[in-house]
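The entries follow the order in which I checked them.

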Amino acid sequence: MIIRRRDDVSRTVVVKSGLLRYSQKISVGSHVLHADEPGDSGGKDCGPNPYELLLAALGACTSMTVRMYAERKQWPLKSVEVRLAHSKIYAEECATCETKEGMLDRIEREIALFGDLSDEQQQRLLEIAERCPVHRTLVSEVQICTRMIADHPPVTIAAKRGEES
């Protein structure tokens, strides 16, 4: 028997290719989003690219987590703004990284807290931001299980984060 924790339950995300070259229609429950590549990458820029969607997920989770914590503590947090950027860097440029060769993904995150917060409260909220579920997912080992759905029996392919599937 599989016991699911509350945070394990999510709606299924369905992504379908569109009529345009790289455009994608993303459905999550009753919500519809669009993704695409910018024009210089062959798309029509009809929506954020996949990395921008990933940053949006991290930013939203960060802001929500900080807000929830401040509300529980009844701290005077009025709003949160999270700015994110993604880039590729050479591993040797990262003194604190375990990987020493090749390229690494780098996410830069800036968090602005608005409200009459003490220095201690602000510091604690920055610590809490590091604990948002999406942040934890991105820095943990991730297993992605892929299977083909076709007219023949499905083939399952399992890949750990960092491995190609």
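**Entry 1: a surface patch**

I began at isoleucine 107, which counts as partly exposed at 35% relative accessibility. A reminder to myself before going on: this is a predicted model. Isoleucine 107 sits in strand E5. I then asked which residues make the nonpolar surface patch there. They are Tyr51, Leu54 and Ile107, and the patch comes to about 230 Å².

Next I turned to helix H2, residues 119-129, and looked for its buried residues. I found Gln121, Leu125, Ile128 and Ala129 buried. Why do they count as being on the same side of H2? They span an arc of only 105° around the axis, and that puts them on the same side. On the other side of H2, I noted Asp119 and Glu120 as exposed. I also looked up what covers the buried residues of H2, and the cover includes helix H1 (50-73), strand E5 (103-115) and helix H3 (133-139).

**Entry 2: threonine 62**

Helix H1 made me curious, and I picked threonine 62, which has its place in that helix. Is threonine 62 buried or exposed? Threonine 62 is buried, with a relative accessible area of 0%. I set aside its neighbours within four places in sequence and listed what threonine 62 is in contact with: Val82, Arg109, Ile111, Ala129 and Cys132.

**Entry 3: salt bridges**

How many salt bridges does a search of the whole structure find? The search finds 5. I wrote down three of them, in the notes below.

- I looked at lysine 88 and aspartate 105, whose side chains meet in a salt bridge at 2.9 Å, N to O. Lysine 88 lies in strand E4 (residues 77-90) and aspartate 105 in strand E5, so this pair ties together parts that are 17 residues apart in sequence. Lysine 88 is partly exposed at 46% relative accessible area, and aspartate 105 is partly exposed at 47%.
- I went on to glutamate 108 and arginine 106, where the side chains meet in a salt bridge at 3.4 Å, N to O. Glutamate 108 counts as partly exposed at 44% relative accessibility, and arginine 106 is partly exposed at 37%.
- Arginine 124 has a relative accessible area of 24% and is partly exposed; glutamate 127 counts as partly exposed at 35%.

**Entry 4: cysteines**

I finished with the cysteines, and the disulfide count comes to 1. Which cysteines does the disulfide join? It joins cysteine 94 to cysteine 97, with S to S at 2.0 Å. The torsion about their S-S bond is about 70°, so I noted the disulfide as right-handed. Cysteine 94 is buried, with a relative accessible area of 11%, whereas cysteine 97 counts as partly exposed at 24%. I also checked cysteine 46, which is partly exposed with a relative accessible area of 42%, and cysteine 145, which counts as exposed at 53%.

How values were computed. Residues are numbered from 1 along each chain as its sequence is written. This is a predicted model: local features need pLDDT of at least 70, side-chain atom pairs count only at pLDDT 80 or more; totals for chains, interfaces and linings use all residues. Side-chain values use heavy atoms; hydrogens and water are left out. Buried means under 20% relative accessible area, exposed over 50%, partly exposed in between (1.4 Å probe, protein chains only). Helices (H or I, at least four residues) and strands (E, at least two) are DSSP runs, numbered from the N terminus. The arc is that of the directions from the helix axis to the C-beta atoms. Contact means heavy atoms within 4.5 Å. Patches are made of residues with over 30% relative accessible area and no salt bridge: like charges are joined within 9 Å, nonpolar side chains (Val, Leu, Ile, Met, Phe, Trp, Tyr) within 5 Å. Accessible areas come from the Shrake-Rupley method with a 1.4 Å probe; for residues, only the protein chains shown count as cover. A salt bridge is a side-chain nitrogen of Lys or Arg within 4 Å of a carboxyl oxygen of Asp or Glu. A disulfide is a pair of cysteine sulfur atoms within 2.5 Å.
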